[in-house]
Each structure stands twice: as structure tokens, then as C-alpha cells.
Amino acid sequence: MKLRISLLVLLTMCLASSMALADILQTSGVWTSVPAPDGSNPPSPFWDSPSLDGGNTNAGYILTGTNTSINGYTTQDWLGYGNSTAQYLSAKDGSGSPTGGVVNNVYFSNNLGGQSAYLIIEIAGYKDKNIFGIYDRNLPANKTVIFDGPAGQGAPWSGPVPISYTSYGFYLTTPENITFYSDTTNVTNPDTNSNFAFFRNTSQADTFYIAMEDLRDPIGTENKGDYNDMIVKAHVVAPIPGSLLLLGTGLVSLAGLGWRRRKNG
Ligand SMILES: [Ca+2]
Ligand SMILES: [Ca+2]
Ligand SMILES: [Ca+2]
């Protein structure tokens, strides 16, 4: 009976450590409820701007499904806006309250889990040339392409992020030969503002929606941008890999052996 209880405890510990593999979001931003988009100028929040693509087409309308058809694309409520689970990352003031402003430092600590991504939509003149990927935050020249120019709506990708990237951010390279970064701390960013807006659906663990602007701020009537030039759904942890399950099983077996040795010895 005692052996069984020990095994159960060990198995639970192994499962718990496997579940902790999710990459960890690092940012000074604060998760904030997504308001009804209105596309006014100046935009508030920063992503809720008018768009050169037409009325009611910025990233907010696409991700909440509040404009049902945009450029022939049938939108859906990706964020659970109707269920009040929709949030975006906002800059915060001194007291910690959201300001609706751009967040310039968003990256992840790499816990060597699996990652996957899905390209939701691109509404941009550069849609056939923009390149999206992840970069090594400690050595930003190290980059891994996730979606190259020809990748379009519905394209899938699955990781992992290279083990050498202890932390990673996201980048977007445009045909103007400039690269925007989700964390502007260690790089020369062409904008003073980040060109990335991060959203989430609080009912989906470890899943983030990354909305990107491919032009420099300010963009005329788009102000800081419409952030619909590429929108990606990213999942930063995969189901428990088989090798880890094997490792967990191995540890349990070894522990069981040790227990038996102590008992016999
Ligand atoms: Ca593309
Ligand atoms: Ca744009
Ligand atoms: Ca656009």
C-alpha cells in the first residue's frame, strides 16, 4: 500500500511538472478588457484606429467578430468578446491602471515546451512579402521564420522554438527592409512604438493573438496603425510530448526500485 501511495505522489509530481512547461509571458503591460471597437481617431486603445482598408476593419473588429465580413473574410469572435473573456495588453500608468497605450516590451521565457501558430488573416499591400517569426531576445540576429511572404490565411506552423533561445520575442520584416520587434529593449526598432498588439481569450490557456502593423508610426489617418496587416494565433505550449511521458515513467520506476532496495537492504 505504501509503495502505491509513493508512486501516485511521484506520478502526480511528474504530471504537474510537465504541465508547467508553458512558456512564460514577460511584459510590463497589463491585461485589460477589450472595449467595443469604434475606429475613431485618435485611437483608444491604440489598436482601435481607422484603417486605410475601409471602415470598421482594424484588428479589434476582426478578433471580436463585431464586423462580420471584412475583405471577403467572415470574422469570428476569437477572443470570446461576447462572453467577456476578451483582453489586450495595455500600457499602465504609475498606479498600475491601463492607459490604452502601446506596450513595447513583450517576450516569452522559453520553457522548452512545444509551440504552434496559425495565420488568421493578412489585410495589407505587403501581405505577400511580410515575414513573421521569433527571435532570440539575447541575440536578436538569431531568427526563426514562422510565416514567410507566400504564407497566407490559414497557414499553420508548429515549433519548437530553438533550445538556445532562453527567451524569445516576435518580429515582422517588411519589403521596406525594416524589422519591427515585440520587445524593443535590446534592439534598434524603426519605431518608437511597438508594431505588435497582444490579445487573449481568458478561456484559452497559453494562447495569444498577435496583431501586427507593418508601417511606421504615424500612418496618416491610420494613426498608429490598424494592426490587421497580419494577425496570428499563437499557442506557446503543446500537449505533453511522448519523450517527457517516458521520462516521467522512468523516474517513477527508478523511485520504485529505490524504495524496494531500501526495504530489502
Ligand atoms: Ca503572407
Ligand atoms: Ca496597417
Ligand atoms: Ca491593413
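Author: Let's begin with a term: helices (H or I, at least four residues) and strands (E, at least two) are DSSP runs, numbered from the N terminus. The model here is a predicted one.

Reader: Thanks! How many helices and strands does the chain have?

Author: There are 3 helices and 15 strands. Of the 265 residues, 38% count as buried.

Reader: What is the phi of D206, and what does D206 touch?

Author: D206 is not a glycine either, yet its phi is positive, about 60 degrees. This residue lies in the loop between strand 13 (196-201) and strand 14 (207-212). D206 is partly exposed, because 17 other C-beta atoms lie within 10 Å. Leaving out residues up to four places away in sequence, D206 touches A22, H235, V236 and V237. D206 and A22 are 184 residues apart in sequence, but their C-alpha atoms are 6.8 Å apart in space.

Reader: On to sheets. In which order do the 7 strands of the open sheet run?

Author: The general idea is that strands of a sheet pair through backbone hydrogen bonds, either parallel or antiparallel. Here the order is 2-5-13-14-15-7-10, with antiparallel pairing. Strand 2 (30-33) and strand 10 (156-158) are the edges: each has a single partner strand, so one side of each lacks a neighbour in the sheet. On average, neighbouring strands of this sheet are turned by 30 degrees against each other, direction ignored.

Reader: Over how many bridges do strand 7 and strand 10 pair?

Author: Strand 7 (residues 116-121) pairs with strand 10 over 3 bridges, in the antiparallel sense. In this pairing, A117 stands opposite W157 of strand 10.

Reader: And which residues of the largest nonpolar core touch the most other members?

Author: In soluble globular proteins, nonpolar side chains tend to be buried together. The largest nonpolar core in this model has 55 residues, and A197, F198, F199, Y209, I210, A211 and I231 touch the most other members. Strand 14 gives the most to this core, with 5 residues. Leaving out residues up to four places away in sequence, A197 touches W47, A59, Y88, A211 and Y227.

Reader: Lastly, which peptide bond near P42 is cis?

Author: The bond joining N41 and P42 is cis, with omega about 5 degrees. P42 lies in the loop between strand 2 and helix 2 (59-64).

How values were computed. Residues are numbered from 1 along each chain as its sequence is written. Chains are lettered from A and ligands numbered from 1 in the order in which they are written. This is a predicted model: local features need pLDDT of at least 70, side-chain atom pairs count only at pLDDT 80 or more; totals for chains, interfaces and linings use all residues. A residue is buried if 20 or more other C-beta atoms lie within 10 Å of its own, exposed if 12 or fewer, and partly exposed in between; C-beta atoms are placed from the backbone. Two residues are in contact if their C-beta atoms, placed from the backbone, lie within 7 Å. Two strands pair if DSSP finds at least two bridges between them. Axes are lines fitted to C-alpha atoms, for helices over the stretch in contact, and angles run from 0 to 180 degrees between N-to-C directions. A nonpolar core is a set of buried Ala, Val, Leu, Ile, Met, Phe, Trp, Tyr and Cys residues joined through C-beta atoms within 7 Å.
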